[in-house]
Amino acid sequence: MEALQKQGHYRFFYALIYRAHAHCVIDVGGEDSALISKILKTVPNARETLFNRAHMITAARTCIEKDSEPQRVDFIVGDPFKPLSQRGDVYLFSRILAKLSGNKGQKILQNRRISMNDTSARMLSFDRPVKRT
């Protein structure tokens, strides 16, 4: 059941990216690059940028080289809590914001908003609901 739910989320993302005519998709904190690989296979005109810390970029690069088209992916090592100079049409947040405590999620979102120099850029996020304790 969980696998089907994941596929539903991915299809939703693909539809939004495709309808936005996105050419540059930036995945902030993209973990193992599974989402990027799926988007590259589904949206043929998209280029991806994975923005994450160095140790995560290394793992993601290995996965992209096996599963996808590495020539369509830029890897940027950086701190998600600081502004990003790379510009994109769509900024993705997949299972990252709910993991953060305090105002860290707000800080990441503020920095991405600063990075979005075009009013047509979109920010997409999906996370699991988290119960407050």
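A nonpolar core is taken here as a set of buried Ala, Val, Leu, Ile, Met, Phe, Trp, Tyr and Cys residues joined through side-chain atoms within 4.5 Å, where buried denotes under 20% relative accessible area with a 1.4 Å probe and protein chains only. The model is predicted, with local features requiring pLDDT of at least 70 and side-chain atom pairs counted only at pLDDT 80 or more, whereas totals for chains, interfaces and linings use all residues. Residues are numbered from 1 along each chain as its sequence is written, and side-chain values use heavy atoms, with hydrogens and water left out.

The largest nonpolar core comprises 12 residues, among them Cys24, Ile26, Val28, Tyr91, Phe93 and Met116. At least two of its residues come from each of β1 (24–28) and β4 (90–94), strands being DSSP runs of E of at least two residues, and helices runs of H or I of at least four, numbered from the N terminus; β1 provides the largest share, 3 residues. A second, separate core of 10 residues includes Ile17, Val25, Leu35 and Leu92.

The 5 strands form an open sheet with parallel pairing in the order β3-β2-β1-β4-β5, two strands being paired if DSSP finds at least two bridges between them. The edge strands, each pairing on one side only, are β3 (73–77) and β5 (122–126). Strands β4 and β5 pair over 5 bridges, and Leu92 has Leu124 of β5 as its bridge partner. Helix α2 (residues 34–42) packs on this sheet and touches β1, β2 (47–52), β3 and β4, a contact being heavy atoms within 4.5 Å.

Definitions and conventions
Buried < 20%, exposed > 50% of the residue type's maximum accessible area, 1.4 Å probe, protein only. Axes fitted to C-alpha atoms, helices over the stretch in contact; angles between N-to-C directions.
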